[in-house]
Amino acid sequence: MNAVFPSFSSKLATIEDKVMKIQEGNDTLRNELIEAYQPFIKKVTSKVCSQYIDRTMDEFSVGLFAFNEAIDQYQEGQGSRFLSFADMVIRRRVIDYIRKEVRQNRLIYLQPDEEDEEGRVEDSYAEQKAALDHYEEKIQAETRMFEIEEYQKLLKKFGLNFKVLSKHCPKHVDARENAKEIARLLTENEELSQFLMEKKQLPIKDLLNMVSCSRKTIERNRKYIIAVSLIYLGEFQALKSYIQP
């Protein structure tokens, strides 16, 4: 993918190398990278908005800041290339921006004025509210679909998919909640989270020091624990509602 964008002064081999160098404090390289990948930022932002976005629009600025955020947050061991990671961050930030705009528009525009004798203002208010409600529902649905697609990609890196998970989901409620708690504890520990993402397996020995269940229990629910952990680590906000109490 890098070949379609302009080359710049650094002779580092990959974009991942450049990002690592920027994180070490090379601000000149940061500016060059952001400038070179503006077409990429514009393309991702336009796709999220389902319309052409140019550099003068607020949505492009959101995408630009998101790309810069991705540079700061990217970690080589997290299992994805930088551009895939940046794509995800840009999408999320633009969707958040759109949803925020919808809420603000609700406050600004859904203020009914005095009605005329035929009640036409009341009708207009109801129509505006219905339109904004519909638009917000559309954004929420698109957010869920985007997260599901990204989650599927992440699962695939661990040799998992929804069909496999349906077979390995604990049947009893207590067992599921216990597995979720193990996943939560794992993801709150930076060292264990890094182990999971790099090795693509559970740090069972360390987990046994944190929980009261047996090794057999963890191993039996291994795939489910990994799947839940990835929802937390991937920051899939829409999907978290399915695993949180």
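Reader: Are Y37 and F67 buried or exposed in this model?

Author: Both Y37 and F67 are buried, where buried means under 20% relative accessible area, exposed over 50% and partly exposed in between, with a 1.4 Å probe and protein chains only. The model is predicted, so local features need pLDDT of at least 70 and side-chain atom pairs count only at pLDDT 80 or more, while totals for chains, interfaces and linings use all residues. Residues are numbered from 1 along each chain as its sequence is written, and side-chain values use heavy atoms, leaving out hydrogens and water.

Reader: How many aromatic pairs are there by this rule?

Author: The count comes to eight aromatic pairs; rings of Phe, Tyr and Trp (its six-membered ring) pair if their centres lie within 6.5 Å, and planes under 30 degrees apart count as stacked, over 60 as edge-to-face and the rest as tilted.

Reader: Why is the pair of Y37 and F67 called stacked?

Author: The ring centres of Y37 and F67 are 6.1 Å apart and their planes stand at 20°, so the pair is stacked.

Reader: Why is the pair of Y74 and F85 called tilted?

Author: The centres of the Y74 and F85 rings lie 5.8 Å apart with the planes at 55°, so this pair is tilted.

Reader: What makes Y74 and F85 count as buried?

Author: Y74 has 4% relative accessibility and therefore counts as buried, and F85, at 9%, counts as buried too.

Reader: How do you know that the charged end of K200 sits over the ring of F158?

Author: The charged end of K200 is 5.3 Å from the centre of the F158 ring, and the rule asks for NZ of Lys or CZ of Arg within 6 Å of the ring centre and within 35 degrees of the ring normal.
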